Amino acid sequence: MEPFRTHTGIAVPLIRDDIDTDQIAPVAAMRNLKPDYKALLFMQTRRRDEGSEEPEFVLNKPQFRNPGILVTGHNFGAGSSREAAVWSMLANNIRVIVARSFADIYRENCLQNGLLPVVLDAKSADAFEAWVIANDGAAPFTVDLETQRISGPGGPDVAFDIAPADRMRLLEGLDDISLTLKHVDEIKAWEQRMVATQPWLQVAWEDRR
């Protein structure tokens with residue numbers, strides 16, 4: 001996957017709690033063998049029953065049509081493990097989601113696909129949400145994973161925490177397979193050390209393979 005270092009884009013305020021994966025990427029719209037992931041994002045909320053746009057939905061407003069960062073509430077991504085709910089974000093150039101909290105599976109899917117999930121504490125979240133709402137899409141924000149800071153018009157910067165292992169895998173663009181391959185020499189060396197002191201393990205490992 002593409003490494004993540006910095007990302008600059010318009011921050012979109014969708015300040016709601018418990019947004020689930022079926023709202024993000026409706027399952028009914030994925031029956032096509034080649035779904036349009038860009039159009040899939042919040043499809044049922046963005047469109048009225050007859051197919052026209054819902055003008056009051058934030059992503060349909062002119063200043064937010066080219067998003068880069070989504071700002072939202074608690075428990076974002078609840079529900080199923082649907083990866084399309086991450087792919088639809090990336091298809092719309094959203095590479096950062098700033099939330100009060102994430103559903104565990106959704107957060108893991110973000111890390112697997114190069115989408116940065118940022119969790120802010122209550123005080124920082126209050127201040128950042130107010131900043132984004134006041135800016136109203138007038139100027140972009142920049143999220144820097146190396147310095148772990150979010151900067152934008154009028155400052156000051158907002159700092160965020162992320163687990164070192166999660167930070168490393170995003171900076172290097174490593175999904176689970178790439179992460180395993182990165183350590184393949186260490187795994188082989190460990191196996192050789194184990195076999196040298198416990199030779200019966202060689203037979204057990206060969207049988208398992």
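In α5, residues R107, E108, L111 and Q112 meet D166, R169 and L170 of α7, where contact means heavy atoms within 4.5 Å. This is a predicted model, in which local features need pLDDT of at least 70, side-chain atom pairs count only at pLDDT 80 or more, and totals for chains, interfaces and linings use all residues. Residues are numbered from 1 along each chain as its sequence is written, and side-chain values use heavy atoms, with hydrogens and water left out. The chain holds 10 helices and seven strands, taken as DSSP runs numbered from the N terminus (helices H or I, at least four residues; strands E, at least two).

**Chain overview**

- Of the 209 residues in the chain, 42% count as buried; buried means under 20% relative accessible area, exposed over 50%, and partly exposed in between (1.4 Å probe, protein chains only).
- Among contacts in the chain with a separation of 6 or more, 63% come from residues 24 or more positions apart.

**Helix α5 against α7**

- Helix α7 covers residues 164-172, and α5 and α7 pack at an angle of about 35 degrees with their axes 9 Å apart.
- Axes are lines fitted to C-alpha atoms, for helices over the stretch in contact, and angles run from 0 to 180 degrees between N-to-C directions.
- The residues of this contact divide into two nonpolar, one polar and four charged.
- In this scheme Ala, Val, Leu, Ile, Met, Phe, Trp, Tyr, Cys and Pro are nonpolar, Asp, Glu, Lys and Arg are charged, and the others, Gly among them, are polar.

**Helix α4 against α5**

- The axes of α4 (residues 84-91) and α5 (residues 104-112) come within 9 Å and cross at roughly 45 degrees.
- That angle makes α4 oblique to α5; under 35 degrees counts as roughly parallel, over 145 as roughly antiparallel, 65 to 115 as roughly perpendicular, and the rest as oblique.
- A85, V86 and M89 of α4 make the contact with Y106, N109 and C110 of α5.
- By class, the contact of α4 with α5 has five nonpolar residues, one polar and no charged ones.
- The buried residues of α4 are A84, A85, V86, S88 and M89.
- The cover over these buried residues includes α1 (21-24), α2 (37-40), β2, β3 and α5.
- After α4 comes N93, with a positive phi near 65 degrees.

- S81 lies in the loop between β2 and α4.
- With 44% relative accessibility, S81 counts as partly exposed.
- Leaving aside neighbours within four places in sequence, S81 is in contact with I105 and N109.
- S81 and A103 are 22 residues apart in sequence and 9.7 Å apart in space, C-alpha to C-alpha.

**The sheet**

- Seven strands form an open sheet in the order β4-β3-β2-β1-β5-β6-β7, with mixed pairing; two strands pair if DSSP finds at least two bridges between them.
- The edge strands, β4 (116-119) and β7 (158-159), each pair on one side only.
- Strand β1 (residues 6-13) pairs with β2 in the parallel sense over four bridges.
- Strand β2 (residues 67-71) also runs parallel to β3 (residues 96-99), joined by three bridges.
- V71 of β2 stands opposite P13, and the bridge partner of V71 in β3 is V98.
- Five of the five residues of β2 are buried, so this strand is largely enclosed by the rest of the structure.
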